Amino acid sequence: MNSQPLAGHPERNIIRLQLRQIPLLSELDDASMKELEAMLTVVDCNKGEHLLHQGVRDMEHYFIIDGLLKRVVSNLEAKEMILRVSDEREMETSYAAWCLGTPTPYSIVSVTKARVAKLSMPHWVDFIKRHDRIREAFERYVMNLM
């Protein structure tokens with residue numbers, strides 16, 4: 001996987017436009033969007049690469065710019081079950097596990113070649129605490145997934 005801060009990415013202007021197409025982010029004012037962009041890292045991953053491993057506590061929030069991601073859970077025999085597939089302009093998160101203080105109950109894996117913008121869960125939570133409309137919409141999104 002290749003990753004670098006959004007501010008230094010050679011395609012940062014295009015990526016900024018793509019981020020604005022994510023429904024949750026489309027309502028942010030320019031100052032709030034710049035604040036968020038400063039925290040983002042762009043990750044280019046290949047098919048089958050793990051962005052997040054099941055059972056970890058170091059969690060991140062992902063905005064999908066290009067490609068498909070899947071949530072998978074593995075049992076002790078290493079058999080995988082797909083829980084969800086996420087497309088461009090959607091998000092992937094382990095927010096519920098982070099709030100509960102539990103390890104991630106699933107992995108997040110690239111189904112295709114993909115590009116995501118990510119930030120650490122503590123930074124994401126701090127950001128949404130300062131932006132009530134975004135926090136409310138995000139929490140509804142997470143509840144709908146469950």
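Tutor: Two residues are in contact when they have heavy atoms within 4.5 Å of each other. The model discussed here is predicted. By that cut-off, and not counting residues up to four places away in sequence, S110 touches C45, N46, K47, G48, E49, L68 and L69. S110 is found in strand β8, residues 107-110.

Student: How do you know whether S110 is buried or exposed?

Tutor: The relative accessible area of S110 is 2%. Buried means under 20%, so S110 is buried.

Student: What makes F63 and W124 an aromatic pair, and of which kind?

Tutor: Their ring centres are 5.4 Å apart, and rings pair if their centres lie within 6.5 Å. The planes stand at 80°; over 60 degrees counts as edge-to-face, so this pair is edge-to-face. A search of the whole structure gives 4 aromatic pairs.

Student: Where in the chain do F63 and W124 lie?

Tutor: F63 is in strand β4 (residues 60-66) and W124 in helix α4 (residues 121-129). They are 61 residues apart, and the pair links distant parts of the chain.

Student: How do you know whether F63 and W124 are buried or exposed?

Tutor: F63 has a relative accessible area of 0%, and W124 also has 0%. Buried means under 20%, so both qualify.

Student: Which kind of pair do Y95 and F138 form?

Tutor: Edge-to-face again: 4.9 Å centre to centre, with 75° between the planes. Y95 lies in helix α3 (residues 95-100) and F138 in helix α5 (residues 132-145), so the pair ties together parts 43 residues apart in sequence. Y95 and F138 are both buried. One aromatic cluster is formed by F63, Y95, W124, F127 and F138.

Student: Which residues of the largest nonpolar core touch the most other members?

Tutor: Of its 27 residues, they are L19, L25, L36, L40, F63, W124 and F138. Helix α4 gives the most to this core, with 5 residues. Leaving aside neighbours within four places in sequence, L40 is in contact with residues including P5, L19, F63 and L119. A second, separate core has 11 residues, among them C45, L51, Y106 and V116.

Student: What makes β4 and β7 paired strands?

Tutor: They share 2 bridges, in the antiparallel sense, and two strands pair if there are at least two bridges between them. F63 stands opposite M91 in β7. The whole open sheet has 5 strands in the order β1-β2-β9-β4-β7, and the pairing is antiparallel.

Student: Why do β1 and β7 stand at the edges?

Tutor: β1 (2-5) and β7 (91-92) each have a single partner strand, so one side of each is left without a neighbour in the sheet. Helix α1 packs on the sheet, touching β2 (41-45), β4 and β9. The direction of α1 makes about 105° with that of β4.

Student: How do you know where the buried residues of α2 lie around the axis?

Tutor: The buried residues of α2 are S32, M33, L36 and E37. They cover an arc of only 135° around the axis, which puts them on the same side of α2. The face turned away from that side carries the exposed residues D30, A31 and K34. What covers the buried residues of α2 includes α1, β4, β9 and α4.

Notes
Residues are numbered from 1 along each chain as its sequence is written. This is a predicted model: local features need pLDDT of at least 70, side-chain atom pairs count only at pLDDT 80 or more; totals for chains, interfaces and linings use all residues. Side-chain values use heavy atoms; hydrogens and water are left out. Rings of Phe, Tyr and Trp (its six-membered ring) pair if their centres lie within 6.5 Å; planes under 30 degrees apart count as stacked, over 60 as edge-to-face and the rest as tilted. Helices (H or I, at least four residues) and strands (E, at least two) are DSSP runs, numbered from the N terminus. Buried means under 20% relative accessible area, exposed over 50%, partly exposed in between (1.4 Å probe, protein chains only). A nonpolar core is a set of buried Ala, Val, Leu, Ile, Met, Phe, Trp, Tyr and Cys residues joined through side-chain atoms within 4.5 Å. Axes are lines fitted to C-alpha atoms, for helices over the stretch in contact, and angles run from 0 to 180 degrees between N-to-C directions. The arc is that of the directions from the helix axis to the C-beta atoms.
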